[in-house]
There are 2 protein chains.
Amino acid sequence: MANIKEIARIAGVSVTTVSRVLNNHPYVSPQKRAAVLATIEQLNYTRNMNAVHLITGRTGAIGVVIPNINYYYFSAILEGLAREALPAKYRLILCQTSYRPEEELQVLDMLRNKEIDGVVIVSTALKPETIEAYTAYGPVVTCQDSGERRFSSVYLEHYAAFWHGLQYLRNKGYRKIGYFEGRQHGSSSGLRQKAFGDFHRESGIPLHPEWIMFDCATEEDGAAALDRLWQMEERPDALIIAGDHVAAGLMIAARSYKIRIPEDLAIIGFDNQPIGRLLGLTTIDNQLFEMGAAAFRIIHDQINEDAPSPVYRKLDYRLIERTTV
Amino acid sequence: MANIKEIARIAGVSVTTVSRVLNNHPYVSPQKRAAVLATIEQLNYTRNMNAVHLITGRTGAIGVVIPNINYYYFSAILEGLAREALPAKYRLILCQTSYRPEEELQVLDMLRNKEIDGVVIVSTALKPETIEAYTAYGPVVTCQDSGERRFSSVYLEHYAAFWHGLQYLRNKGYRKIGYFEGRQHGSSSGLRQKAFGDFHRESGIPLHPEWIMFDCATEEDGAAALDRLWQMEERPDALIIAGDHVAAGLMIAARSYKIRIPEDLAIIGFDNQPIGRLLGLTTIDNQLFEMGAAAFRIIHDQINEDAPSPVYRKLDYRLIERTTV
């Protein structure tokens with residue numbers, strides 16, 4: 001393998017110029033850049049970036065722990081992340097974990113092994129204490145409320161947002177409320193479940209556990225949950241649904257039952273997705289794009305500017321009134 | 001930084017045992033593994049993976065060029081890729097390029113720089129000749145038909161699949177066909193456009209260019225395209241739509257116009273997405289998950305088993321009859 005000195009000699013330029021071309025530095029004349037590139041081509045020179053990383057201690061890469069790429073909530077956060085990472089010239093190393101702790105640990109291990117400069121955890125099955133053990137090796141940001149830990153977080157108050165939605169339904173006169181949720185065991189969904197339980201207790205509205213449907217991840221799950229609900233003797237008159245796409249599936253299925261929305265069944269969604277906008281779905285906007293973008297900005301500043309760490313950033317939610325309540 | 005010998009000495013085990021623990025080798029007794037891990041913790045030992053990669057020449061990572069994560073067509077391919085990569089213990093280095101050639105070149109440059117073991121190009125703005133120049137550095141697989149190039153490809157015959165859909169509409173008696181498409185300039189969408197033009201020419205059906213709507217990427221774009229169409233004096237009686245989610249947006253918007261489907265307007269989609277299944281949308285299944293999965297298997301075998309390269313794999317399409325034609 002040719003080295004930089006050899007390239008400089010053959011191209012008739014200085015070693016500094018070769019280095020500048022390799023690093024995409026702007027202050028190189030077009031003639032000299034062309035000469036260097038032609039020489040590189042001729043010598044088939046490859047700069048081994050592993051050696052570069054070994055010397056600089058930076059990789060320009062961030063690990064992303066994401067349970068499932070094809071789920072709107074996560075892919076919207078990822079999109080927000082990627083939009084910021086692109087202009088900042090950071091690569092994202094994506095690990096789809098399906099909530100398997102061993103896969104998540106592997107990404108954290110990459111931080112320990114200096115293969116990446118930081119980790120963004122979109123959603124996790126790990127205990128906060130486990131994540132904390134890795135903060136010695138570099139910055140970590142979670143996209144969920146993990147409490148005041150040794151790592152950063154950017155999060156929505158799922159408890160307050162859900163409570164707000166339930167209060168809205170109650171103010172509109174609804175007292176028989178069902179609830180469709182994704183994962184039963186998860187940090188954010190746990191907060192929503194707690195809000196659902198506490199709200200019923202505090203407002204004295206009877207809670208029907210049979211109207212709580214878990215594992216609603218897709219449009220078809222929403223339709224199937226409505227099928228189960230409509231086979232029951234007693235039915236809710238309102239639903240709160242974590243995921244506008246799940247609500248959309250239910251709304252489409254509701255037509256074959258001739259269910260009028262909101263007269264027979266009011267619906268409030270979560271996420272503010274495009275499909276919900278089209279269907280006139282009343283929903284809670286939880287700023288998913290901004291969550292991903294903010295996570296990137298936090299970790300970027302901690303890597304490059306020694307910004308204070310940890311940072312806890314709470315995002316606002318907003319109820320969007322449309323036509324389904 | 002402590003070295004392996006030091007860890008072995010303190011833990012009271014052999015250097016081989018330490019090495020096995022670091023490499024997650026199964027044949028280490030639980031006692032010895034615990035001793036090694038405790039010693040590592042105590043010494044805060046970090047194995048620098050960049051040094052490991054420098055020695056082994058392998059990174060266990062594959063670069064993925066993807067224009068947009070949040071677009072169903074691409075995210076479904078990515079999901080197929082990720083599902084295979086996870087059990088094979090490969091990391092995906094994701095680069096969302098927005099079809100910017102300089103971003104795509106950066107991923108190919110990572111291959112040249114030995115930062116990754118291969119590149120999967122989900123969709124590209126680069127010329128095939130440009131991609132060919134990088135095949136000297138490692139395997140490249142595209143998820144589109146690039147012809148018989150020096151890199152591999154796994155692809156759907158978009159021309160034949162679209163022709164099949166148009167033929168189906170014609171056999172059902174439709175002669176006034178409109179067409180919603182994503183990007184106007186793209187390798188796969190170019191093939192679909194050619195099929196649309198050729199089909200009209202060959203079957204003697206007049207083509208209405210004003211019924212071709214480009215840049216239909218989201219549900220809301222589908223709804224907006226219907227708005228434009230319905231302001232026209234002469235309207236199509238059938239539509240072929242690249243993207244079931246775009247068709248879903250149109251179908252939802254069609255209700256406010258009281259358009260009966262298929263009586264007033266027949267619709268055939270593309271992708272076989274969950275939302276289309278719910279809406280009873282007749283569609284063309286183009287095996288997006290399998291495309292991603294096959295791309296991973298091809299590149300994995302080329303990296304690890306010196307499998308023959310390049311490979312060209314054509315996937316089958318299938319028309320799924322439901323209720324919209």
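**Exercise 1.** Across the interface of chain A and chain B, how many residue pairs are in polar contact?

*Solution.* The model is predicted, so local features need pLDDT of at least 70 and side-chain atom pairs count only at pLDDT 80 or more, while totals for chains, interfaces and linings use all residues. Side-chain values use heavy atoms, without hydrogens and water; residues are numbered from 1 along each chain as its sequence is written, chains are lettered from A and ligands numbered from 1 in the order in which they are written.

Step 1. A polar contact is a pair of N or O atoms within 3.5 Å; within protein, one must be able to donate a hydrogen and the other to accept it, and residues adjacent in sequence count only if both atoms are side-chain atoms.

Step 2. Applied across the interface of chain A and chain B, the rule finds six residue pairs, both residues at pLDDT 80 or more.

Step 3. On the side of chain A that touches chain B, helix H5 (72-85), strand S2 (91-96) and helix H6 (101-112) are among the elements that each supply at least two residues. Helices (H or I, at least four residues) and strands (E, at least two) are DSSP runs, numbered from the N terminus.

**Exercise 2.** What area is buried between chain A and chain B, and how many residues does each chain bring to the contact?

*Solution.* Step 1. Buried area is the accessible area (1.4 Å probe) that two parts lose on being put together, summed over both.

Step 1. The value for chain A and chain B is about 4900 Å², with 55% from carbon and sulfur atoms.

Step 2. With contact taken as heavy atoms within 4.5 Å, chain A gives 49 residues and chain B gives 50 residues.

**Exercise 3.** Which rotation superposes chain A on chain B?

*Solution.* Step 1. Superposition is by least squares on the C-alpha atoms of residues with pLDDT of at least 70 in both copies.

Step 1. The rotation is 180°, with 0.1 Å of shift along its axis and an RMSD of 0.1 Å. This is the relation of a two-fold axis.

Step 2. In chain A, the residue closest to the rotation axis is A:Ile93, at 2.1 Å (C-alpha).

Step 3. The copies meet through the same surface, because 100% of the interface residues of chain A are also interface residues in chain B.
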